[in-house]
Amino acid sequence: MKTLLIDAERCIQCCNCQNACKDEHCDNSWPPLAAPQGPGQFWIQIHEAQSGDGSRIQVDRTPLPCQHCADAPCIQAGKGAVYRRDDGIVIIDPVKAEGMRDLVDACPYEKIFWNDELKLAQKCTLCAHLLDSNWQEPRCVTACPVDALSFVEEAELTPENLHAPLERLHPEYGTAPRVAYLNLPKPWVAGAVYCPDSDSCLEGVTVRLVSEPLGAFYTTTTDFLGEFKLKDVEPGIYRLTLNKEGYQEKTLRKVDAREGINVKELRLYEFTQ
Amino acid sequence: MATTMTAERDVGQGVEVFTTCSTAGPMFVHVKEGRILRIEPMQFDPRKVKSWQVEAQGQTYKPPLTHPLLPWGITSKHMAYSEHRVNYPMKRVDWDPYGQRNADKRGQSGYARISWDETFKILEDEYNRILDEHGPSALCYTHSAHPEWGSLHYLFSDLYRFRDLFGGTYLEFTPNSWEGWASGGPFLWGFWMGHGIPPAEDTLQDISLESDLIILWGSDPMFHNVYNGIDTARLWQWWHDLGKEIIVIDPLFNETAAAVADVWLPLYPGTDNALAAAIAYQWIVDDTYDREYLDTHTVGFDEEHMSFEYNEAYLDVHPAWRGNLPEAGTPGMSFKSYIMGEGPDGIAKTPTWAAEICGIEARKIVALARAWAKRPTSLWGSLGGQCRRTFGHEVARMIGTLITMRGMGTPGNNLIGGGLSLSGPYDGQRQLGPTGYADGGMNVVLDNYYPNPVAQAKITFTKLMDCVKHPPQKWRGGHLDNFGPEMFFDEVEYPQPGCTEIRLLWMRGSTLTNPPDHKNNNIAYTDPQIETLVVAAPWFDRDCRFADLVLPITTIFERQDITEPASVGQYVPPAYNSLRSAVYNQKAIEPVGESKTDLEIFEELACRLGRGEEFMEGNTEETILQKMFARTNIPLEYDAFKQEGYYVWPALDDYVPSKQFQRFHDNPVGGENVMETPTGKVEIYSTLIAAFYGEENHPEIPAVPHYIPEVDGRYDERRKKYPLQQLMAHPKFRFHGKYDKDPWLTENYKVYGEDGYAYEPCLLNPADARARGIADGNIIRCFNDRGEILAGAVISERVMEGVAQMTYGAWNDPLSPEPGALDRSGDGNVLSYAGPQSIHHVGGAFNSSLMEVEKVDIDEILARYPQGAAGTWSSWNREG
């Protein structure tokens with residue numbers, strides 16, 4: 001069975017996936033799999049979040065389509081109007097599901113939309129009508145200019161085939177989502193180190209971020225501007241330590257990295273003999 | 001119908017697949033029962049592609065087989081059938097070409113459908129009348145800066161041929177994309193044909209292999225949006241993965257920064273040259289610049305290189321300068337003297353000095369300068385907002401000087417300006433030209449070429465109002481093509497002796513890059529001096545609202561052409577980063593409504609005026625395309641190419657790269673390697689500027705590049721009243737003003753007010769928003785002395801404090817009919833500065849704009865303007 005593999009870090013929010021979806025499904029009818037997509041629906045949509053402040057910020061984009069869950073609550077709510085195909089794609093039958101507005105609320109990912117004109121709950125079909133006609137992938141995948149989306153065999157989602165750990169979006173919903181993710185947004189800690197004595201940026205400072213309760217430890221060194229960024233940090237409260245030979249060690253306590261954080265310009269003083 | 005890549009998959013019964021290419025890139029167009037069913041990015045058949053590739057650090061980059069489309073590409077089905085299409089010819093209801101013209105009602109009256117026959121009868125009568133009464137100089141033509149893509153169906157092709165056949169005045173654009181490089185760059189190092197930008201040759205490979213540090217200075221290459229950008233997205237990812245450090249210097253945390261930047265250094269707009277001067281200062285005190293290179297390749301860097309020997313070949317071509325150029329520079333006026341504070345101003349351009357001005361800490365300026373001196377560095381520094389402002393020419397000359405101090409031509413050191421100067425392997429042969437987009441189109445392949453007989457060739461677009469309202473006028477610079485210094489130094493007169501004022505204005509396309517200080521054009525358009533205003537466009541927007549006649553034009557889906565996809569390959573042939581290819585624009589659908597091509601309209605009018613044979617020489621669209629194709633080296637028959645839909649030139653086996661500046665680096669005095677300057681060298685001290693503007697450092701354009709505080713900028717008195725600097729980076733989901741009303745695009749970026757209206761976003765820093773009590777999503781008024789607009793506040797750390805991103809291109813929707821009225825659409829050009837760059841060039845300085853914002857009660861405003869709130873004067877209202 002094939003599924004979408006989404007590398008969130010690669011997404012540049014061009015929205016070509018959204019619009020390829022609309023191009024395929026708005027004004028076009030693909031019976032028996034889908035009726036025309038209603039206006040204002042996003043069967044796939046780029047969600048954006050910004051974190052940090054000042055000159056250290058991060059913009060995260062996460063493409064969010066129907067997860068075609070293995071344990072899909074919409075199937076249960078559909079009472080026969082929603083079904084899973086042999087290839088794993090979850091389909092809302094556009095005839096049987098007419099009038100079933102409750103389906104919209106059944107999806108914890110909020111990926112089912114109400115078409116008021118057709119009185120129909122609608123969602124992503126993974127372009128099943130095209131796959132059935134020997135197309136290789138759904139429209140959103142072909143339209144992506146950065147390979148943030150790909151269409152892969154589930155069996156191939158193994159560590160040796162992936163360039164980052166496999167993740168799922170909100171596994172806690174308990175629906176066994178089938179869409180695979182890489183590089184979902186995570187907290188980060190960034191700042192810069194300088195020496196006030198000489199007013200110079202400090203390159204090569206060892207930066208350590210530690211949380212004993214979490215058992216988490218991250219380290220990096222500063223670049224020529226004295227800048228550092230620790231990415232993909234587990235959410236938590238940390239201790240940040242700066243070390244460089246010839247300088248006094250500095251420690252920041254209670255660095256709140258439950259979200260991305262800019263710890264700003266940090267001073268490191270020279271040892272004075 | 002395209003035969004490739006569709007054989008293996010079932011596109012459905014009765015579906016035909018066509019090829020075409022738009023400004024967004026090449027595409028497959030699926031058509032069923034005469035309507036577009038879907039639009040896909042073009043997918044080259046791997047069996048038909050022999051790709052080039054670059055290898056670095058054991059990793060390989062190959063351009064994609066599926067050509068990425070810019071955002072408006074995938075949505076273009078929507079635009080083909082848009083409610084805003086002009087479906088048939090329309091006449092303004094109260095414009096009577098045989099009686100009352102009511103010019104003052106332009107922008108207010110409605111339109112009535114008329115037949116093509118009536119349209120041509122009116123045009124024929126108008127042309128005959130104006131030619132009889134005033135002569136051809138009264139006929140004026142202009143065009144949108146970036147219309148639909150094409151070789152035959154393009155402004156340089158059909159419009160130029162028609163204009164020049166009868167003669168006419170040209171309302172011209174300037175090189176807005178890299179304005180300061182056009183007005184400054186050539187005085188530093190020539191490259192006149194490229195408007196001052198050095199060539200792109202082999203930069204892609206050199207960056208991949210040799211560059212360690214990448215500096216994006218006022219540059220957002222991934223979403224620059226001039227036919228390209230998105231096709232470099234994978235390349236940026238690759239460079240990032242290779243470990244190249246990417247530093248972004250920009251008032252905005254731009255899209256490329258969001259994707260791949262390691263560090264963002266926010267810089268206050270318009271202070272770029274202060275930063276550049278301090279970098280030069282640091283290199284001088286550290287002695288880390290290429291002194292030997294400067295000695296042999298440049299003049300005017302220091303006091304020891306201020307006597308000039310001139311290149312005889314240059315003086316032969318430009319004899320007027322022989323004997324009129326300085327033998328030596330004035331002592332104390334060298335670049336180094338200026339930087340070190342040993343020149344007339346006595347100010348050392350230290351990092352501390354610059355930090356105060358540009359907002360980047362002194363220690364970071366020092367560190368940046370030192371890293372740049374140590375590591376092979378590619379600078380994305382040409383184009384961008386820093387050169388589209390007052391004294392923009394100084395930015396080009398200063399950044400060019402920095403690049404020169406690094407010994408340009410050495411591995412890994414490059415100067416890039418978006419897609420224009422990024423190029424993979426290219427041999428000068430694999431292209432459609434010279435019939436291409438920039439080269440005259442049909443004029444190249446037809447038997448006769450007609451030079452424009454009218455002496456009054458040009459009005460710069462920002463001078464239209466002055467020319468219409470207050471003739472006579474005189475100005476300098478402001479040309480689209482600049483082949484030599486005379487184009488800046490020679491004064492333009494309007495009307496020119498023997499010519500007349502313009503009476504008819506014909507616009508090929510609605511102005512997509514609408515002019516700064518928007519009310520100026522409205523004032524000109526509503527003047528009775530313009531007796532006839534014709535707009536030929538696919539969509540009813542902007543200038544259509546002021547037209548007397550609106551002519552419906554086909555989109556690329558409704559006609560045939562041959563093009564080169566995306567990037568800017570067809571505009572700047574060596575600038576190409578995809579698979580080098582040609583596309584046949586197959587006619588996918590019949591013209592929507594009664595639309596015609598510009599070519600058909602010009603042909604019919606030429607026939608009625610008795611010159612049809614001269615215009616077409618017996619050709620058809622098809623025979624012209626055959627002639628264009630015959631000039632290419634594509635090894636296919638025309639019919640086969642047309643059927644196939646595209647051709648990909650194979651990678652060259654014996655390709656020898658020759659990167660930017662390498663030949664000049666290796667041999668600066670040899671024949672064709674010399675720079676196109678009077679000395680043949682890089683003129684850090686410009687002998688032409690010194691000769692023309694004086695050797696005592698003209699305050700607006702001195703002999704060596706200076707930091708000059710800009711007009712309407714950080715140190716302008718007006719900042720007390722208007723404390724925010726307006727930033728007008730290209731819109732991400734719009735091609736200038738095109739596709740502003742496509743909901744599939746607008747739902748991604750516009751701010752939908754409680755009144756349901758899609759307001760243009762204004763990006764504000766949280767500190768600026770807080771100080772004014774503005775919350776995210778509030779409707780705000782942005783204003784200055786030039787005008788006022790409404791916008792939706794988007795509060796974001798992505799824009800630095802003191803700066804507001806308020807871009808251009810929204811379709812104007814004034815709430816009352818008078819020029820300068822409050823514009824609900826949020827078109828940033830209502831506010832932007834329309835003055836000249838300097839005494840040297842009247843071209844675009846529109847990024848030098850200050851403004852203020854305030855929260856408004858939108859209900860109260862709409863109640864005050866009931867007619868305006870109903871859209872009475874909106875760009876797209878044709879009912880009146």
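Reader: Which way does H3(B) cross H20(B), left-handed or right-handed?
Author: The crossing of H3(B) over H20(B) is right-handed. Note that this is a predicted model.

Reader: What angle do those two pack at, and how far apart are the axes?
Author: H3(B), residues 116-133, and H20(B), residues 598-608, pack at about 55°, and their axes are 10 Å apart.

Reader: Another pair, then. How do H5(B) and H15(B) pack?
Author: H5(B) covers residues 179-189 and H15(B) covers residues 392-405; they pack at about 45°, with axes 7 Å apart. That angle is why H5(B) counts as oblique to H15(B). Their crossing is right-handed.

Reader: Which residues make that contact?
Author: On H5(B), they include Gly180(B), Trp181(B), Gly184(B), Gly185(B) and Trp189(B). On H15(B), His393(B), Ala396(B), Arg397(B) and Gly400(B) are among them. By class, the contact of H5(B) with H15(B) divides into six nonpolar, seven polar and three charged residues.

Reader: Changing topic: how many helices and strands are in chain B?
Author: Chain B has 29 helices and 33 strands.

Reader: What share of chain B is buried?
Author: Of its 880 residues, 61% count as buried. As for contacts in chain B with a separation of 6 or more, 76% join residues 24 or more positions apart.

Reader: Now the other chain. How many residues does each side bring to the contact between A and B?
Author: Chain B brings 42 residues and chain A brings 34.

Reader: Which element of chain B gives the most to that side?
Author: H14(B) does, with seven residues. Among the other elements of chain B that each supply at least two residues are strand E3 (35-41), helix H7 (233-241) and helix H8 (255-260).

Reader: How does the chain B side split by class?
Author: The side of chain B that touches chain A has 23 nonpolar, six polar and 13 charged residues.

Notes: Residues are numbered from 1 along each chain as its sequence is written. Chains are lettered from A and ligands numbered from 1 in the order in which they are written. This is a predicted model: local features need pLDDT of at least 70, side-chain atom pairs count only at pLDDT 80 or more; totals for chains, interfaces and linings use all residues. Axes are lines fitted to C-alpha atoms, for helices over the stretch in contact, and angles run from 0 to 180 degrees between N-to-C directions. Helices (H or I, at least four residues) and strands (E, at least two) are DSSP runs, numbered from the N terminus. A crossing is left-handed if the near helix is turned anticlockwise from the far one by less than a right angle, and right-handed if clockwise. A residue is buried if 20 or more other C-beta atoms lie within 10 Å of its own, exposed if 12 or fewer, and partly exposed in between; C-beta atoms are placed from the backbone. Two residues are in contact if their C-beta atoms, placed from the backbone, lie within 7 Å. Ala, Val, Leu, Ile, Met, Phe, Trp, Tyr, Cys and Pro count as nonpolar, Asp, Glu, Lys and Arg as charged, and the others, Gly among them, as polar. Angles under 35 degrees count as roughly parallel, over 145 as roughly antiparallel, 65 to 115 as roughly perpendicular and the rest as oblique.
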